[in-house]
Amino acid sequence: MREPRLQQVRKVTRRDLLWIIPSAITAGFFGWLAWRTFAIHLTKARVTEPVWRDGPRVQAAVLNELNAQWKFKYFEYVYNGSPLKAVVFRLSEPVMGGLTVGDAHFLALSRICTHQGCVVNYVDNPELGAIAYNYRTDHPFMGCPCHFGAFEPLQAGKAVFGPPRYPLPRLRLEEENGVLYSTGYETPFRPLEQG
Ligand code: FES
């Protein structure tokens, strides 16, 4: 009966390393790229109907100040007794958690980024926004200067690009005698509250 032949294990030579190392680096790079693409695009939290918590009644804007689509105004709301940077927009269509007055649609958002708490800004030039934030759209959006996160007002503040996962919290709006008031805020109020 013949002895089974022992399989010989070939030693890795220096010449082998010349292709093994670059191949491993390339595979690692594409793996990282795939993970990052997945994280940027597919792990964003959905925006749902807001659960409001009552807060102080604060004037956000006079309707005349928002007399055209995409006009906006920064204002300060009050959260737990401290001033909170916020923004109110006039939008082209109604969005969840916004307010419609006649044929005008409004939305108010916190300007505190849900990633690490920087103050987000209104980016009114979509072309510049595409370069700076890598987010391509045909209308203004909210952008965070710290790590270039982008938030979409037409999706009720949803995080759409960059590291933030959660939307900007919405502020409840009410209208009275031509004035928009903010009267509460969405819970959990990220990033100041977790939920
Ligand atoms: S703090 Fe806004 S993207 Fe990081």
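Which residue takes a positive phi in the hairpin of β8 and β9? In this predicted model, that residue is A156, with a phi near 60°. The legends below begin with the overall chain and return to this hairpin at the end.

**Figure 1. Overall architecture of the predicted protein chain.** Two helices and eleven strands make up the secondary structure of the protein chain. Their order along the sequence is α-β-β-β-β-β-β-α-β-β-β-β-β. With a radius of gyration of 25 Å, well over the 16 Å that the globule rule gives for 195 residues, the protein chain is more spread out than a compact globule. The C-alpha trace spans about 100 × 35 × 30 Å along its principal axes. Of the 195 residues, 34% are buried. Among contacts with a separation of 6 or more, 49% are accounted for by residues 24 or more positions apart.

**Figure 2. The largest nonpolar core.** This core holds 41 residues. The members that touch the most other members are A86, V88, F106, L107, A108, L109 and F151. Strand β3 (residues 82-91) supplies the largest share of the core, namely six residues.

**Figure 3. Surroundings of F106.** F106 is among the core residues that touch the most other members. Leaving aside residues up to four places away in sequence, F106 touches L66, V88, F89, R90, L91, G98, L99, L173 and L180.

**Figure 4. Pairing of strand β11 with β1 and β10.** Strand β11 (residues 179-187) runs antiparallel to strand β1 (residues 51-62), and eight bridges join the two. Within this pairing, W52 has E186 of β11 as its bridge partner. Strand β10 (residues 170-176) is likewise antiparallel to β11, to which six bridges join it. Here the bridge partner of R172 is G184 in β11.

**Figure 5. The hairpin of β10 and β11.** Two residues lie between β10 and β11 in this hairpin. In the turn, N177 has a positive phi of about 50°.

**Figure 6. The hairpin of β8 and β9.** Strand β8 (residues 150-152) pairs with strand β9 (residues 158-161) in the antiparallel sense, over three bridges. A150 stands opposite F161 in β9. Five residues lie between the strands, and A156 takes a positive phi near 60°. F151, which falls within the range of β8, is one of the core residues that touch the most other members.

How values were computed:
Residues are numbered from 1 along each chain as its sequence is written. This is a predicted model: local features need pLDDT of at least 70, side-chain atom pairs count only at pLDDT 80 or more; totals for chains, interfaces and linings use all residues. Helices (H or I, at least four residues) and strands (E, at least two) are DSSP runs, numbered from the N terminus. The radius of gyration is taken over C-alpha atoms; the globule rule is 2.2 Å times the number of residues to the power 0.38. A residue is buried if 20 or more other C-beta atoms lie within 10 Å of its own, exposed if 12 or fewer, and partly exposed in between; C-beta atoms are placed from the backbone. Two residues are in contact if their C-beta atoms, placed from the backbone, lie within 7 Å. A nonpolar core is a set of buried Ala, Val, Leu, Ile, Met, Phe, Trp, Tyr and Cys residues joined through C-beta atoms within 7 Å. Two strands pair if DSSP finds at least two bridges between them.
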